[in-house]
Amino acid sequence: EPLLLAELKPGRPHQFDWKSSCETWSVAFSPDGSWFAWSQGHCIVKLIPWPLEEQFIPKGFEAKSRSSKSDSKGRGSPKEKTLDCGQIVWGLAFSPWPSPPSRKLWARHHPQVPDVSCLILATGLNDGQIKIWEVQTGLLLLNLSGHQDVVRDLSFTPSGSLILVSASRDKTLRIWDLNKHGKQIQVLSGHLQWVYCCSISPDCSMLCSAAGEKSVFLWSMRSYTLIRKLEGHQSSVVSCDFSPDSALLVTASYDTNVIMWDPYTGERLRSLHHTQLDPPMDDSDVHISSLRSVCFSPEGLYLATVADDRLLRIWALELKTPIAFAPMTNGLCCTFFPHGGVIATGTRDGHVQFWTAPRVLSSLKHLCRKALRSFLTTYQVLALPIPKKMKEFLTYRTF
């Protein structure tokens, strides 16, 4: 079972706690694993150096994480920072690291500072604004305006090009180029409901968006046009994520199901149903297993899901039932540490919990599949002159 490693709680009760603004709607690790961003409610984001206190980190994980930070000791250890965003924070996203193109952004706003690359954090706010922060200093770099309602989710292209995608309750997605001082380069319209989630494939070819609708939209990140709609859910889709090799897409819905798709063909490969461990006492709990969040592990062998039945579930890719459960109340979001071994979850109460996650050595078969699928589409795999069983394995048809 996942073990609770640590829990972060807001430091003191807020004077406006009667307002609905204390939720942790989003948590994020920086891609290099050196920072953790916590939207702790009441307009505040905490930037916390990772790893946390040594006593909270499992053996093996601590040594690996700290070895990467030992180089920075001469420059002084990073310190926790508090970002006051002035509005309720819904979405968080770190830029890829290292990110050399950000030097232009830094130099424009801080000409007196030496030309260095910087890690940045984007925050999506209640009033439709997006604020861009420099992580090392906590300085505000840019304020992006355009959305007419809550910015619910944010996603940077993994390539380091500093292209940012935002998803909003105004039913649009917007594409921003931070290398061009935050210029808005595209507006994607078509959703009829609030857009809850956006995810960019690791190969930067596709964008998935989930709104309060039964279908999911797949967009081209090259032409910014709609590729296809994925239909299969029976209720609102609220979360989506691509596998590390871009070969799979998972979507989570209020209908209590996670669906695994082939994003290239639109084929539905598998459904994971969230059944309750204890049957409800009456009919009032029909939707108690409604899903809130789904995410892939960094090596692509596991999924984590958070549902309203007060459980964090961990799934192995090849199995139809969860391999582990952890009790958590009022869960809203989840994300894996980029080097594996830890899952962070956020709650309605403004708390963050860190859980142990499976740590496995990927099989040679899986490593080969991951390497090949990182640059081959499903159609290209099917055209290879190789045995049918190999094609089925490479296209995840062996479930």
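Me: How many salt bridges does a search of the whole structure find?
Reply: Side chains of opposite charge can pair when their charged atoms come close. A salt bridge is a side-chain nitrogen of Lys or Arg within 4 Å of a carboxyl oxygen of Asp or Glu. The search finds seven. This is a predicted model, where local features need pLDDT of at least 70 and side-chain atom pairs count only at pLDDT 80 or more, while totals for chains, interfaces and linings use all residues. Residues are numbered from 1 along each chain as its sequence is written, and side-chain values use heavy atoms, without hydrogens and water.

Me: Which residues are linked in a network of salt bridges?
Reply: Asp 262, Glu 267 and Arg 397. Between Arg 397 and Asp 262, the closest N and O atoms are 2.7 Å apart. Arg 397 lies in the segment after α5 (388-394) and Asp 262 in strand β20 (residues 257-262), so the pair ties together parts 135 residues apart in sequence. Helices (H or I, at least four residues) and strands (E, at least two) are DSSP runs, numbered from the N terminus. Arg 397 also meets Glu 267, at 2.5 Å from N to O.

Me: Is Asp 262 buried or exposed?
Reply: Buried means under 20% relative accessible area, exposed over 50%, partly exposed in between (1.4 Å probe, protein chains only). Asp 262 is buried, at 1%. Arg 397 is partly exposed, at 26%. Glu 267 is partly exposed too, at 38%.

Me: Which residues form the covered face of strand β5?
Reply: In a regular strand the side chains alternate between the two faces of the sheet. In β5 (residues 81-84), Lys 81 and Leu 83 are on the covered face. Thr 82 and Asp 84 are on the uncovered one.
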